[in-house]
Amino acid sequence: MILLLSDLHLQPAQPAITEAFHRFLREQAPAARQLYLLGDLFEYWAGDDDLQEPFHQQIVDALRRLSDAGVEVFWIAGNRDFLVGSAFAAAAGLTLLPETWVIEAAGQRIVLVHGDAQCTDDIKYMEFRAQVRQPAWQQQFLAMPLAQRKAIIAGLRESSRQEHGNKTYEIMDVTPQAIREVFEQTGASVMIHGHTHRPALHQLEGGLRRYVLPDWEPASTPPRGGWIAIADNGAITRHALDGALLA
């Protein structure tokens with residue numbers, strides 16, 4: 001079995017999400033042979049020199065225990081934690097993947113992405129994304145003191161919250177053209193992604209399917225969160241936080 005999740009936005013200020021993730025790692029993940037984290041596991045990541053922060057170390061240790069138990073763990077960066085690097089991967093016992101990755105399951109080609117690169121109608125965000133994904137920009141940013149980086153990130157997060165209030169859901173969602181391009185470029189018949197916080201199964205032309213992972217908020221009413229499972233026979237199912245099957 002393969003498990004996939006995204007968009008937990010883990011942070012000390014949201015202990016219910018952290019506890020739900022630890023429960024998932026204890027109760028669900030050990031039965032898998034592979035676990036894919038498809039971005040925004042953390043609310044933000046300022047650099048691998050922040051690994052020793054107690055909250056981060058707690059998460060890293062939990063992932064390492066899962067990896068040491070024999071579950072292969074894979075990481076695709078999100079828009080909040082794209083600065084995760086090799087030191088984090090080594091400490092957590094996971095493998096960093098490129099932003100588009102194809103897996104095979106029972107004869108199906110399944111493409112995995114975070115989803116932000118497909119929100120092409122959000123022009124301002126796409127310009128920002130292109131800038132911060134450049135190695136030169138990242139090298140310059142990571143050379144700053146950690147405290148300075150965290151202050152910059154806090155300012156960016158506040159600006160993002162304000163801008164979201166002026167954007168429609170349609171602008172912040174993936175675009176059909178961008179989705180078609182991913183299918184065409186990869187030859188996949190199934191896509192799984194997160195980012196949009198709009199969980200669903202979309203049946204597309206030509207028998208293509210697009211699954212959208214949920215964000216996690218167990219304290220909301222009703223609770224949000226869950227994961228996708230791919231069985232050894234290729235069956236794909238969506239699961240709520242309590243493990244219940246979703247339609």
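In this predicted model, the mean position of the 21 positive charges and that of the 30 negative charges of the chain are 1 Å apart.

**Overall build**

The secondary structure comprises eight helices and twelve strands. With a radius of gyration of 17 Å, close to the 18 Å that the globule rule gives for 247 residues, the chain is as compact as a globular protein of that length. Along its principal axes, the C-alpha trace spans about 50 × 40 × 35 Å. Of the 247 residues in the chain, 50% are buried, and among contacts between residues at least 6 apart in sequence, 64% join residues that are at least 24 apart.

**Helix α4**

Helix α4, which runs over residues 123-132, has Tyr125, Arg129 and Val132 as its buried residues. These residues lie on the same side of α4, because they cover an arc of only 75° around the axis. The face turned away from this buried side carries Lys124 and Glu127, both of which are exposed, while the cover over the buried residues of α4 includes α5, residues 135-142.

| Residue | Element | Relative accessibility |
|---|---|---|
| Thr18 | helix α1 (residues 15-27) | 7% |
| Ile236 | strand β11 (residues 236-240) | 13% |

Thr18 counts as buried because its relative accessibility of 7% falls under the 20% cut-off that defines a buried residue. When neighbours within four places in sequence are left aside, Thr18 is in contact with Leu10, Gln11, Phe55, Gln58 and Ile59.

Ile236 is likewise buried, since its relative accessible area is 13%, and this residue belongs to strand β11. Not counting residues up to four places away in sequence, Ile236 touches Gln108, Ile110, Val190, Arg209, Tyr211, Ile228, Ala229 and Ile230. Ile236 can also be placed relative to Leu3: the two are 233 residues apart in sequence, and their C-alpha atoms are 9.8 Å apart in space.

Notes: Residues numbered from 1 in each chain as written. Predicted model: local features only at pLDDT ≥ 70, side-chain atom pairs only at ≥ 80, totals over all residues. Heavy atoms only, no water. Helix = DSSP H or I, 4+ residues; strand = E, 2+ residues; numbered from the N terminus. Buried < 20%, exposed > 50% of the residue type's maximum accessible area, 1.4 Å probe, protein only. Contact = heavy atoms within 4.5 Å. Rg over C-alpha atoms; globule rule 2.2 N^0.38 Å. Lys, Arg positive; Asp, Glu negative; His and termini not counted. Charge placed at Lys NZ, Arg CZ, Asp CG, Glu CD. Arc of directions from axis to C-beta.
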